[in-house]
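Please walk me through this structure, beginning with the ligand and its surroundings.

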Amino acid sequence: MAKARETQFFCKECGFESSKWLGQCPSCKQWNSFVEAPVAPKSKGAKKHALTSEKPVTLSEISIMQEDRVTTGIEEFDRVLGGGIVPASLILVGGDPGIGKSTLLLQVCKHLSDDGHKVLYITGEESLKQIKLRANRLGDFNDNLLILCETNLDLIEAHIRKSEPEMVIIDSIQTMFREDVAAAAGSVSQVRESTNMLLQLAKGLEISIFIVGHVTKEGVVAGPRVLEHMVDTVLYFEGDRHASYRILRGVKNRFGSTNEIGVFEMRMEGLSEVKNPSEFLLQGRPENTSGSVAVCLIEGTRPLMVEIQGLVSKSGFGMARRTAAGTDYNRVNLLIAVLEKRLGINIADCDAYVNIAGGMKVSEPALDLGLVVALLSSYKNKIVPVDVVVFGEVGLSGEVRAVSMAAQRVAEAAKLGFKTCILPKASLEEIKGNKSIKGLDKMNLIGISTIGEIPW
Ligand code: TYD
Ligand code: MG
């Protein structure tokens, strides 16, 4: 009889399994991402389950308690989760190393323990002293929070069963290992089997477990992408490490909407919530310079204002340079082509750079008009007044198309004191008579249907 294989090849990025090494992953198309690792242990002898253990039930027989979410008291965090933590859920918090995941979760622990919830914070990355130093910066903690330095999941399971917490934080999944999986901590099979074990603990003991996972492009550590399909909720914590703000983004949520974002600012005393992100992101906008315009976008369910900067300058070399920081490069190229063709201007021999100020990453159709206005303004060297906001999708024939949630965008701009709004004509028709938008009467709304009608 053929001997069963002891090792398999796994894709580090997505966890795809293959019996031989492959140069490119057929699943996620990543190059050079295959590593050899032992296969997961099979349970000895297939178990024959007695049919009587669980019988199927009708939906009406299942009772759910109303409002059983646990709110953390950090509003931005709760919103991204869809209104609080669902009991017995497994939540993955991913992000680059050093972005602030441990800080955020320790602050969540602080709020939860202050509210009387029993929380266990398990770290495999830092010593107890380091945690204490961090905690000192964040404020006073009470005794509902227990800290444990451990990486062996079998021991962790025993601790969880003994201390019976309501919430558990695992920081980070890449440092955890199971004894029965013969692979290094952080390898694909360890990470996957560890998560499996935590999943069973969460569902079996009805505790909510947060798992921290580092995202790494290179190196031997398995990316959290491997786990995305196993957990209930995936949050990514992102931001420019050099800028102080951080964005928590819901990527997957079985209990709420995704695309929701929470904005934080990293301070000396930990992360603080940014309640008015638009104001925050527009801080320090240059006045009286060409190539800068404010755009109102929708992230999840709320409007967000960002500044778009464009720079078009004569190219010194034969090849024009194009870059897009914070948004889709191909979209910018496409819009430049639309500008050339429909307005007859010649950007082909110019360098064109686009930047979303503050290091934000955005991609929404409504951004198009902002990109076009910023590029035009820089090309013609005409200043767009600082109290102007634009939004709208631009099509290939230069038409400006309607976008969703126009009323919310205009309301946000009005709230921040913008005086003029350039928007798609179709969206203008939609919100014209809308009395519920505060400050609409003070706003000068200009509806346009093609990019030829842009006033600058
Ligand atoms: P950390 O939570 O350790 O990141 P991660 O767990 O994602 O690797 O955050 C580390 C960074 O946060 C570090 O560069 C210092 C900074 N920081 C502050 O600026 N203020 C604070 O109060 C704390 C605790 C950290
Ligand atoms: Mg950490």
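Ligand 1 is surrounded by 15 residues, and the closest of them are Gly98, Ser102, Thr103, Arg267 and Gly270. The model is a predicted one, and every distance and area below is computed from it.

Serine 102 has an N or O atom in its side chain that is 2.5 Å from an oxygen atom of ligand 1. Threonine 103 places a polar side-chain atom 2.6 Å from an oxygen atom of the ligand. Methionine 268 takes part through its backbone: a polar backbone atom of this residue is 2.8 Å from an oxygen atom of ligand 1. Taken alone, ligand 1 exposes 560 Å², of which the protein buries 77%.

Which elements supply at least two residues each to the shell around ligand 1? They are helix H2 (101-114), helix H3 and strand E11 (261-267). H2 gives the largest share, three residues. Sorted by class, the shell holds six charged, five polar and four nonpolar residues.

The next element to look at is strand E5, which covers residues 119-123. Are the residues of E5 buried or exposed? Five of its five residues are buried, so the strand is mostly covered, given that buried means under 20% relative accessible area. In a regular strand the side chains alternate between the two faces of the sheet. In E5, Val119, Tyr121 and Thr123 lie on one side, while Leu120 and Ile122 lie on the other. Both faces of the strand are covered, and the residues named on each side are all buried.

E5 has strand partners that can be traced in the model. One of them is strand E6 (residues 145-149), which runs parallel to E5 and is joined to it by five bridges. Within this pairing, threonine 123 has cysteine 149 of E6 as its bridge partner.

Another partner of E5 is strand E7 (residues 167-171); the two pair in the parallel sense over five bridges. Here tyrosine 121 stands opposite isoleucine 169 of E7.

The peptide bond leading from aspartate 171 to serine 172 is cis, with omega near 0°. Serine 172 has its place in the loop between E7 and H5. Helix H5 spans residues 188-205 and contains serine 189. Why does serine 189 count as buried? Its relative accessible area is 2%, and buried means under 20%. Serine 189 can also be placed relative to lysine 129: the two are 60 residues apart in sequence, and their C-alpha atoms are 31 Å apart in space.

Histidine 214 is in strand E8 (residues 208-214). Its relative accessibility is 14%, so histidine 214 counts as buried. The side chain of histidine 214 makes a polar contact of 2.8 Å with the side chain of glutamate 125. The side chains of histidine 214 and lysine 101 are joined by a polar contact as well, at 3.1 Å.

Lysine 29, in the loop between strand E2 (17-18) and strand E3 (34-38), has a phi near 65°, a positive value in a residue other than glycine. Alanine 88 is not a glycine either, yet its phi is positive, at about 60°. Its place is in the loop between helix H1 (75-81) and strand E4 (90-95). Alanine 88 has a relative accessible area of 12%, and therefore it is buried.

The protein has 456 residues, and 48% of them count as buried. Taken along the principal axes, its C-alpha atoms fill a box of roughly 75 × 55 × 50 Å.

Note on methods. Residues are numbered from 1 along each chain as its sequence is written. Chains are lettered from A and ligands numbered from 1 in the order in which they are written. This is a predicted model: local features need pLDDT of at least 70, side-chain atom pairs count only at pLDDT 80 or more; totals for chains, interfaces and linings use all residues. Side-chain values use heavy atoms; hydrogens and water are left out. Buried means under 20% relative accessible area, exposed over 50%, partly exposed in between (1.4 Å probe, protein chains only). Helices (H or I, at least four residues) and strands (E, at least two) are DSSP runs, numbered from the N terminus. Two strands pair if DSSP finds at least two bridges between them. A residue is near a molecule or strand if one of its heavy atoms lies within 4 Å of it. A polar contact is a pair of N or O atoms within 3.5 Å; within protein, one must be able to donate a hydrogen and the other to accept it, and residues adjacent in sequence count only if both atoms are side-chain atoms. Accessible areas come from the Shrake-Rupley method with a 1.4 Å probe; for residues, only the protein chains shown count as cover. Ala, Val, Leu, Ile, Met, Phe, Trp, Tyr, Cys and Pro count as nonpolar, Asp, Glu, Lys and Arg as charged, and the others, Gly among them, as polar.
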